[in-house]
Amino acid sequence: MHSSQQQNPSSSSVTALKCSGIAKSFGSRSLFSGINLELRRREMVALLGASGSGKSTLLHCLSGVLPTDEGTTWIGEQSLDNLNREQLAQCRRTKIGTVFQFFHLMPTLTAAENVELPLQLLGNPRAVRENRVQELLERMGIAHRANAFPSALSGGEMQRVAIARAIAHRPPIIFADEPTGNLDQNSGQEVLRLLTEITQEENAALLMVTHSEEAAAICQRSYKLEEGMLTAV
Ligand SMILES: Nc1ncnc2c1ncn2[C@@H]1O[C@H](COP(=O)(O)OP(=O)(O)OP(=O)(O)O)[C@@H](O)[C@H]1O
């Protein structure tokens with residue numbers, strides 16, 4: 001690699017997520033093993049597989065939500081190995097964004113406050129937070145809904161708030177678990193368009209669990225999790 005690329009953390013040649021030899025069991029049941037994967041910034045990768053094959057569990061392992069039995073995961077240059085609880089939480093707060101099928105917005109916070117939350121957790125000053133929130137709400141086409149609570153938003157609007165929240169702190173990697181699974185056709189297409197644009201604009205990688213062929217089609221690579229193994233499709 002050229003030295004100038006090594007020094008530029010937003011270069012598309014920089015690794016956003018890498019895992020090697022990941023294995024996970026629940027009790028005596030092995031879900032998967034020997035999982036290797038690498039995503040560079042601005043890459044979008046789809047994770048496919050039958051219901052129950054372990055896709056969400058793999059996402060949880062790679063995002064540090066669940067411990068793995070074997071293997072190592074790096075978020076950017078940070079290995080998740082040997083981090084204590086607080087270090088892992090800090091790594092997740094700074095380096096990971098997540099988009100869920102059912103949005104997981106805080107119901108007692110407005111759209112703007114939901115987007116602001118990750119920035120608040122990192123102690124960003126108010127002016128920085130407000131600028132970033134405004135920028136992202138405008139980018140997502142929902143600035144006019146800034147003061148609405150989630151209960152007053154449509155599914156598509158909630159997911160756009162959730163995408164803004166996921167990217168607010170400029171993480172190198174976004175994990176999305178069926179981001180269009182609870183949306184109608186039009187809202188789903190809009191969310192896929194925004195995810196594609198935002199990963200490019202913000203230099204993030206996207207790893208997306210999906211059952212949707214349309215969603216997989218926007219990704220540069222697709223993998224299928226089957227019988228505990230990951231294969232390119
Ligand atoms: N904490 C847990 N303890 C025991 N078993 C679990 C746990 N979490 C998940 N499982 C089991 O692991 C298997 C894989 O679950 P997972 O949710 O990862 O699958 P998935 O491929 O994402 O499925 P879907 O497409 O239906 O969301 C399932 O059989 C599930 O019941």
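Predicted model: local features only at pLDDT ≥ 70, side-chain atom pairs only at ≥ 80, totals over all residues.

Reader: Which residues are around the ligand?

Author: They are Phe26, Leu31, Gly49, Ser51, Gly52, Ser53, Gly54, Lys55, Ser56 and Thr57. A residue counts as near a molecule if its C-beta atom, placed from the backbone, lies within 6 Å of it.

Reader: And which helix gives the largest share of that shell?

Author: Helix H2 (residues 55-62) does, with three residues. Helices are DSSP runs of H or I with at least four residues, strands are E runs of at least two, and both are numbered from the N terminus.

Reader: Now Arg42: where is its place?

Author: Arg42 is in the loop between strand E2 (29-40) and strand E3 (44-48). Its phi is near 75°, a positive value in a residue other than glycine.

Reader: Is Arg42 buried or exposed?

Author: Arg42 counts as buried because it has 20 C-beta neighbours inside 10 Å. The cut-offs, with C-beta atoms placed from the backbone, are 20 or more others within 10 Å for buried, 12 or fewer for exposed, and partly exposed in between.

Reader: What about phi of Glu227?

Author: Phi of Glu227 is near 50°, also positive in a residue other than glycine. Glu227 lies in the loop between strand E9 (221-226) and strand E10 (229-232), and counts as exposed because it has 10 C-beta neighbours inside 10 Å.

Technical notes:
Residues numbered from 1 in each chain as written.
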